Amino acid sequence: MRRSIATVSLSGTLRQKLEAIAAARFDGIELFEPDFISFTGSARELRQQAADLGLGIDLYQPFRDFEGMPDDLFRRSLDRAERKFDVMQELGCPLMLVCSNTSPASLGDAERAAAQLHELAERASRRNLRIGYEALAWGKWVNLYRQAWNIVEKADHPHLGLILDSFHTLSLRDDPMGIADIPGERIFFVQMADAPLLAMDVIQWARHHRNFPGQGQLDVVTFFEQALLAGYTGNLSLEIFNDVFRETPNRRTALDAMRSLLFLESECKNRLAARAQEGTDEARAPAATRALQRLDLATPPAAQPLGGFSFIEFGVDEATGQALASTFQALGFAHTGRHRSKAVDLFCQGDIQFVINTQPGSEARQRFEELGPSVCAMGLVAPDPVQAANRAVALLSARHTSPLGPNELQLPAIISPGGAVVHFVRAGSTLDADFVAPVPRAPAPQAGGLTHVDHMALALAHDQLDTWTLFAQSILGLGAGESLELADPFGLVRSCALTNAQRNLRLVLNVSKSQRTRTAQQVRATGRSGGGVHHIALATQDIFATVQTLQAQGVKWLPISPNYYEDLLARLDLDEALVRRMQTLNIVADVSPGGGRFLHAYTEPFADRFFFEVVQREGGYDGYGAVNAAVRMAAQENAHQRASAGQ
Ligand SMILES: O=C(O)c1ccc(O)c(O)c1
Ligand SMILES: [Mg+2]
């Protein structure tokens, strides 16, 4: 299919937008009229620039408030259209988008609307142009694709067809299932947009909060599959009005855009293949088969069920490495290995492997120079690591190869947004082969009963959230969970959780909505890349024993206000003796309606950057203790102020 994107979706001047769109290998653009009006060159020059970049100008949009007008206004609009047709011919653009009328002057008479669109299509046909009619969710009379299709059918002109936009249909919770019954050749264009579910006015939602498929919560796969079942073979296009995209570097946005289309195509292809084979849907099976035969939908290697974190690697300098090693040992990690050929150390506890990399000149070290102490790489368990990396590359991740020492294994790896390396490793494999027994630097600590990494939380710059969400969904196969706003003493932090179906790989993405929160300060401190690890949560089956043991080894737990425990007693039906024990150990709690319970405690931050959390999940608890985040952030701020005052 031809892949295109509306110019409104990206930041920059029109010229810069075209360059970013071409670099991401799109076939064409939807030219958003305001972008053309403010363009400094002529239509012919734009046509040439686009052609030089290998881009077609596939759609001119939008043409507003046309159909269903009183006669005098209709005549004036025809003149307006003829002028736009002149421009389109100069641009070499074959199709105009007419969106449903929002004018108070318009009349709700479908016959009139059809007759007027017929006339417009007739005028367009004289110049070999075509008209596509789109239902806007807030059109005065026409909001639904069925209404728009009804008018297109009535108008009955070969140069008039329907334009579908997933946002308008799905935002109104209209049923897309009827789309498959529309003749595919009468659908002239399909615009795709996803969006988070927000309770707000639909115009505001549409003009500020759309995002790419795979970044939101609308069922865009079902929508697009319906168009394919209808027999649609035209453009697969993105039209995204998004306040953050307007300021995000447009090369990244364009790559995300292409990734989202490849992902959408492959998801639809899987659906169609299932429909064609299973015989579960007799009525649609032939249409699914035809669509698969006709279309060259993207086919990345299949998604795999990833396991959890195999290892997490920290890139630091020697001094920070020493401090981190002490922290790990206090947390009950044994120093089990020294790398054969590099300044790299391995610390283990349960199934957790932490790596400290201080190798001068290494990428880990470069990352430290750029970001400060952070996670530079991680290993994720995959049934077939090579295929997992190949899927990521097919979905536009950069492949990563590291310089190998003697006898070292090359793990398939890719670069995640922001630059950390993601390695894929087989279940049960360890890093031991690359490491030898270290010279003991300190008496071995007592293990703290930590078993595995429960989740990793990242602090991201605000324009990285959508990029990360798409990466996590399309490449790591995670699904979006709760998205919450948490109150820091100096502003709100949005926290979005993602997890896989097996619940053994969990990520939390934090973005500060204020410039003044600790999260925002940490993100700023990481410089250009904007973001890094925020905290790492480690699981235990006995948090009381763990916290006590680790405290005795020097771990400093974040002090929680006594008021918190009084509130806990009032709020939750917890045993008082239990709560008092929690209080002595600074353990906090959450419960879920289904009877699940979450007990957790936070360490004081490491180097003012990230912290560790110890967590105990019980009874199917599936969240992250977000109710306690405000208390945690206030406690961190108090600790920070105390530390600053003490200096
Ligand atoms: O917000 C708008 O006005 C607008 C214009 C054109 C479109 O295709 C659309 O989906 C929305
Ligand atoms: Mg649209």
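## Burial and the basis of the model

A residue is called buried if 20 or more other C-beta atoms lie within 10 Å of its own, exposed if 12 or fewer do, and partly exposed in between, with C-beta atoms placed from the backbone. By that rule Glu-613 counts as buried, because it has 21 C-beta neighbours inside 10 Å.

This is a predicted model, in which local features need pLDDT of at least 70 and side-chain atom pairs count only at pLDDT 80 or more, while totals for chains, interfaces and linings use all residues. Residues are numbered from 1 along each chain as its sequence is written, and chains are lettered from A and ligands numbered from 1 in the order in which they are written. The mean pLDDT of the chain (pLDDT being the predictor's confidence in each residue, from 0 to 100) is 95, and 99% of the residues reach 70 or more. For the complex, the predictor gives an ipTM of 0.99 and a pTM of 0.96.

The shell around ligand 1 consists of Gln-61, Pro-62, Leu-97, Cys-99, Glu-134, Leu-136, Asp-165, Gln-191, Ala-206, Arg-207 and Glu-239, where a residue is near a molecule or strand if its C-beta atom, placed from the backbone, lies within 6 Å of it. At least two residues of this shell come from each of β3 (56-63), β4 (95-99) and α8 (202-208); helices (H or I, at least four residues) and strands (E, at least two) are DSSP runs, numbered from the N terminus. Five of the shell residues are nonpolar, two are polar and four are charged, with Ala, Val, Leu, Ile, Met, Phe, Trp, Tyr, Cys and Pro taken as nonpolar, Asp, Glu, Lys and Arg as charged, and the others, Gly among them, as polar.

An unreviewed UniProt entry places the feature "binding site" at Glu-134, Asp-165, Gln-191 and Glu-239. These positions are spread over 106 residues of sequence but cluster in space, the largest C-alpha distance being 12.8 Å. UniProt positions are given in the numbering used here, feature names are shortened, and annotations may be inferred rather than shown by experiment.

Glu-134 lies in strand β5 (residues 130-134) and is buried, with 23 other C-beta atoms within 10 Å. Beyond its neighbours within four places in sequence, the contacts of Glu-134 include Leu-97, Cys-99 and Asp-165, a contact meaning that the two C-beta atoms, placed from the backbone, lie within 7 Å.

## A second annotated site

The UniProt annotation "binding site", again from an unreviewed entry, also covers His-455, His-535 and Glu-613. Although these residues span 159 residues in sequence, no two of their C-alpha atoms are more than 9.4 Å apart, so they gather at one spot.

His-455 is in strand β17 and is buried, with 21 other C-beta atoms within 10 Å; not counting residues up to four places away in sequence, it touches Arg-506, Leu-507, Val-508, Ala-537 and Tyr-624. Glu-613 is found in strand β24 (residues 611-618) and, with the same exclusion, touches His-535, Ala-537, His-600 and Tyr-602.

## Strands and a hairpin

One of the residues touched by Glu-613, His-600, is the bridge partner of Val-588 and belongs to β23. Strands β22 (residues 588-591) and β23 (residues 597-602) pair in the antiparallel sense over four bridges, two strands being paired if DSSP finds at least two bridges between them. They form a hairpin with five residues between them, and Gly-595 in the turn has a positive phi of about 95°.

Elsewhere, eight strands make an open sheet in the order β14-β15-β13-β9-β12-β11-β10-β16, with mixed pairing. The edge strands, β14 (413-415) and β16, each pair on one side only. Within this sheet, β9 (residues 309-315) and β12 (residues 352-357) pair in the parallel sense over four bridges, and Gly-315 stands opposite Asn-357 in β12.

In helix α16 (residues 518-525), Arg-518, Thr-519, Ala-520, Gln-522 and Val-523 are buried. The buried residues of α16 pack against several elements, among them β17 and α20 (629-646), and the helix is followed by Gly-527, whose phi is positive, near 75°.

Pro-440, in the loop between β16 (435-436) and β17 (450-460), counts as exposed, with 9 C-beta neighbours inside 10 Å.
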